[in-house]
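Hi there,

Here is the structure I promised to pass on. Have a look at it first, and then read my notes below.

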Amino acid sequence: MKVESEEKVYDDINITPMLDVAYVLLLIFIIMTTATVQGITVNLPKASSTPSLSKPKTKAISITQDGTIYLDTYPVSLEELETRLAQYKAATPDLPVVLKADASIQYQKVVEVLDIVTRLEISQLGLVTQKLVK
C-alpha cells in the first residue's frame with residue numbers, strides 16, 4: 001500500500017534559500033559601504049601610507065581650501081570645535097580624531113586645530129593623507 005505522493009517526482013525549484021542568501025549578502029554590502037567616516041571632500045596631501053578610519057566613534061575634522069573648518073560634515077568655528085570636542089571627549093575618554101586638511105591651505109589653520117586637540121588632551125589623532133601611487 002504505497003501512497004502516490006511518495007512516488008511523485010518533485011520537479012519544482014525552491015528559490016527561497018537562494019533569496020535568503022541574496023538578501024543577507026545585500027545587507028552586508030550596504031552596511032560595509034556606509035560604515036566609513038563621513039566628511040567633506042578635500043584635496044589631500046600625498047604620503048606613503050594612509051591611517052585606518054575604521055573606528056566607529058572617530059570624529060573627522062576637515063579644513064577646506066577656503067579655510068572653513070568642519071566637524072564631521074558640519075561647519076564650525078574654532079570655539080565651537082573646542083566645545084563640541086570637549087563634549088565628545090567627556091562622553092568617550094579615548095576619543096579618536098582624524099584631521100583632513102587641504103594641501104593648499106595656510107599652515108596656521110592646522111596648527112590652531114592641533115592646539116585645540118592638545119588642550120583637550122586627545123591622544124588618538126590621525127592626519128589623513130592621500131596614498132602615493134607607485
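Let me start with a question: is R119 buried or exposed? R119 is exposed, because its relative accessible area is 52% and the cut-off for exposed is over 50%. Before you go further, please keep in mind that this is a predicted model.

A search of the whole structure turns up 2 of them. In one, R119 pairs with E82, and the closest N and O atoms are 3.1 Å apart. R119 sits in helix α4 (residues 107-119) and E82 in helix α3 (residues 78-91), so this pair ties together parts that are 37 residues apart in sequence. As for E82, it counts as partly exposed, at 26% relative accessibility.

The other salt bridge joins the side chains of K59 and D72, at 3.4 Å from N to O. K59 belongs to strand β2 (residues 59-63), while D72 is in the loop between β3 (69-71) and β4 (74-76), so here the parts tied together are 13 residues apart in sequence. K59 and D72 are both buried.

Now for the inside. In soluble globular proteins, nonpolar side chains tend to be buried together. In this model, the largest nonpolar core has 18 residues, and I61, I63, I69, L81, L85, V113 and I122 are the ones with the most contacts inside it. At least two residues of this core come from each of β2, β3, α3, β5 (96-101) and α4. The biggest giver is α4, with 4 residues.

Leaving aside residues up to four places away in sequence, L85 touches I61, L71, L95, V97, I116, V117, L120 and I122. There is also a second, separate core of 5 residues, and V42, L44, A60 and V98 are among them.

One last stop is T64, in the loop between β2 and β3. T64 has 12% relative accessibility, so it counts as buried. The T64 side chain makes a polar contact with the side chain of D66, at 2.4 Å. Again not counting residues up to four places away in sequence, T64 touches I40, V42, Y70, D102 and I105.

Over to you, and happy browsing!

Notes:
Residues are numbered from 1 along each chain as its sequence is written. This is a predicted model: local features need pLDDT of at least 70, side-chain atom pairs count only at pLDDT 80 or more; totals for chains, interfaces and linings use all residues. Side-chain values use heavy atoms; hydrogens and water are left out. A salt bridge is a side-chain nitrogen of Lys or Arg within 4 Å of a carboxyl oxygen of Asp or Glu. Buried means under 20% relative accessible area, exposed over 50%, partly exposed in between (1.4 Å probe, protein chains only). A nonpolar core is a set of buried Ala, Val, Leu, Ile, Met, Phe, Trp, Tyr and Cys residues joined through side-chain atoms within 4.5 Å. Contact means heavy atoms within 4.5 Å. A polar contact is a pair of N or O atoms within 3.5 Å; within protein, one must be able to donate a hydrogen and the other to accept it, and residues adjacent in sequence count only if both atoms are side-chain atoms.
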